[in-house]
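Biologist: Before we discuss anything in particular, could you show me the sequence and the model, and then take me through the reading of a few features one by one?

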Amino acid sequence: MDEQSTKAKGGPGSPEYKDLSLPDLLDMFPDDQAAMEWLEGNVWPDGRKCPRCGYGYTCTTKHPSMPYYCSECDRRFSVKIGTVMEHSKISYRSWAIATYLLATRPKGISSTRLGRDLGISQSSAWFLLHRLRGVWRTLAGPDLMAGAR
Ligand SMILES: [Zn+2]
């Protein structure tokens, strides 16, 4: 990662991130629900919309992993669809904490360390870091990093 890209919008070093202590971070993401809501706020800063067609009047469902439904597409979706989180079984809480840690400590995290910190395997941590770094490198697609407070 070069110096230029780390200063890009929403990436590490951007002013909307502040360095939280570990207790603060755990308070911020006490469970998967809180982490999911934070991620939703990042992916959909202007309100929830269908990741497939962009329809803005979607409703909620009782489905455990696909909590929203788009009547235009007649399909369910979650905040993971269309983002770097799609097709991963890593919990929302792990994504949220890793996103925050990586954003505030971009040079100080290895997959081994992150795996231990999150209680996931080193290979899952590597996958997660790789995907998140990809977001910063390209800044393409839904900007997962935007709007973090
Ligand atoms: Zn749709």
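Modeller: Let us begin with burial: a residue is buried if 20 or more other C-beta atoms lie within 10 Å of its own, exposed if 12 or fewer, and partly exposed in between. Please keep in mind throughout that this is a predicted model.

Biologist: With that cut-off in hand, which residues of α4 are buried?

Modeller: In α4, the buried residues are Tyr92, Arg93, Ser94, Trp95, Ala96, Ile97, Ala98, Thr99, Tyr100, Leu101, Leu102 and Ala103. Because 12 of its 13 residues are buried, α4 is largely enclosed by the rest of the structure.

Biologist: What span does α4 reach from its first C-alpha to its last?

Modeller: The 13 residues of α4 reach 18 Å between the first and last C-alpha, which is close to the 18 Å expected at 1.5 Å a residue.

Biologist: How should I read the packing of two helices, and at what angle do the axes of α3 and α4 cross?

Modeller: For such a pair, one looks at the approach of the axes, the angle and the handedness, and then at the residues in contact. The axes of α3 (residues 32–43) and α4 come within 7 Å and cross at roughly 55 degrees, and the two helices are therefore oblique to each other. Their crossing is left-handed. On the α3 side the contact is made by Asp32, Ala35, Met36, Trp38 and Leu39, and on the α4 side by Tyr92, Arg93, Trp95 and Ala96. By type, these contact residues divide into seven nonpolar, no polar and two charged.

Biologist: Finally, where is Trp126 placed, and is it buried, exposed or partly exposed?

Modeller: Trp126 lies in helix α6 (residues 122–138) and is partly exposed, because 15 other C-beta atoms lie within 10 Å. Trp126 and Thr112 are 14 residues apart in sequence, while their C-alpha atoms are 7.8 Å apart in space.

Methods: Residues are numbered from 1 along each chain as its sequence is written. This is a predicted model: local features need pLDDT of at least 70, side-chain atom pairs count only at pLDDT 80 or more; totals for chains, interfaces and linings use all residues. Helices (H or I, at least four residues) and strands (E, at least two) are DSSP runs, numbered from the N terminus. The expected span of a helix is 1.5 Å times one less than its number of residues. Axes are lines fitted to C-alpha atoms, for helices over the stretch in contact, and angles run from 0 to 180 degrees between N-to-C directions. Angles under 35 degrees count as roughly parallel, over 145 as roughly antiparallel, 65 to 115 as roughly perpendicular and the rest as oblique. A crossing is left-handed if the near helix is turned anticlockwise from the far one by less than a right angle, and right-handed if clockwise. Two residues are in contact if their C-beta atoms, placed from the backbone, lie within 7 Å. Ala, Val, Leu, Ile, Met, Phe, Trp, Tyr, Cys and Pro count as nonpolar, Asp, Glu, Lys and Arg as charged, and the others, Gly among them, as polar.
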